[in-house]
Amino acid sequence: MNTASTGGRTPGPVILDAMELTSDRGLGARFAASAHRILADLVREGAALGWVDPPSPDEVAELLDHVFSAVHAGDAALRAAYLDRQLVGLGYWLRHTRPTHRPHADLEKIAVAATAHGRGIGRALTAALIADAGRAGIEVLTLDARGDNSAALHLYRSLGFTEYGRLPGFVAVGELRYDKVFCMMDFRHEG
């Protein structure tokens, strides 16, 4: 794990890729349970992660199994953020499955534990996943976000994503409706 001297400040997060995560038996064994805790807590507090109700441990384990399988096939990247060997965030992208869309991937989730907000973890996870996409030859990395998630939308813009569309009132959470905002990063035009 990479750690830098911080001159007395609290050290920043350690960002691991899927292979580093699974090679550390201690972290790998706890990953699904720790990820479930973060995702369920965030959804319980109203986070826009694709669930209305907190996911079950089995749902999260099944999702992570799918992502790890895709990573091993070269069709995904997963990153996990740790502070003092405690999982505080995770994110991943998946390559599109349609044959005509295979050069592209979708950034599916970025989730940071509420206790770790404001420490640059979402930025570090997203930046690592962008770099992974570039190394994997992804041509266009897409994502969507709920329109009221202004902090996430600001983060994505600051990292180079551009908005390319919006579906007004598309996301339904009970009686509430939110815009679905589509963003992209086009690697094809980078020098």
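This is a predicted model: local features need pLDDT of at least 70, side-chain atom pairs count only at pLDDT 80 or more; totals for chains, interfaces and linings use all residues.
Visitor: What radius of gyration does the chain have, and what would a compact globule have?
Guide: The C-alpha trace spans about 45 × 45 × 35 Å along its principal axes. With 191 residues, a compact globule would come out near 16 Å. The chain agrees with that, because its own radius of gyration is 16 Å.

Visitor: What share of the residues is buried, and what share of the contacts joins residues at least 24 apart?
Guide: Of the 191 residues in the chain, buried ones make up 45%. For the contacts, take those between residues at least 6 apart in sequence; the share joining residues at least 24 apart is 58%.

Visitor: How much of the accessible surface belongs to carbon and sulfur atoms?
Guide: The chain's accessible surface comes to about 10,400 Å². Carbon and sulfur atoms account for 51%.

Visitor: How far apart are the mean positions of the positive and negative charges?
Guide: The chain carries 20 positive and 23 negative charges.

Visitor: Is A76 buried or exposed?
Guide: A76 sits in strand β2, which covers residues 76–83. Leaving aside neighbours within four places in sequence, A76 is in contact with V67, A70, V71, W93 and L94. Its relative accessible area is 10%, and the cut-off for buried is under 20%, so A76 counts as buried.

Visitor: How far is A76 from H66 in space?
Guide: In sequence, A76 and H66 are 10 residues apart. From C-alpha to C-alpha, the distance is 9.8 Å.

Visitor: Which backbone oxygen does the side chain of R146 reach?
Guide: R146 is in strand β5, residues 140–146, and counts as buried because its relative accessibility is 13%. Its contacts beyond four places in sequence include A47, A48, L153 and Y178. At 3.3 Å, the R146 side chain reaches the backbone oxygen of G46.

Visitor: Is R85 buried, exposed or partly exposed?
Guide: R85 is in the loop between β2 and β3, and has a positive phi of about 60° although it is not a glycine. Its relative accessibility is 37%, and the middle class runs between the 20% and 50% cut-offs. R85 therefore counts as partly exposed.

Visitor: Which side chain does the side chain of D186 make a polar contact with?
Guide: D186 is part of strand β7, residues 176–186, and counts as buried because its relative accessibility is 19%. Not counting residues up to four places away in sequence, D186 touches E139 and V140. Its side chain makes a polar contact, at 2.9 Å, with the side chain of R188.

Technical notes. Residues are numbered from 1 along each chain as its sequence is written. Side-chain values use heavy atoms; hydrogens and water are left out. Helices (H or I, at least four residues) and strands (E, at least two) are DSSP runs, numbered from the N terminus. Buried means under 20% relative accessible area, exposed over 50%, partly exposed in between (1.4 Å probe, protein chains only). Contact means heavy atoms within 4.5 Å. The radius of gyration is taken over C-alpha atoms; the globule rule is 2.2 Å times the number of residues to the power 0.38. Accessible areas come from the Shrake-Rupley method with a 1.4 Å probe; for residues, only the protein chains shown count as cover. Lys and Arg count as positive and Asp and Glu as negative; His and the chain ends are not counted. The place of a charge is taken as NZ of Lys, CZ of Arg, CG of Asp or CD of Glu. A polar contact is a pair of N or O atoms within 3.5 Å; within protein, one must be able to donate a hydrogen and the other to accept it, and residues adjacent in sequence count only if both atoms are side-chain atoms.
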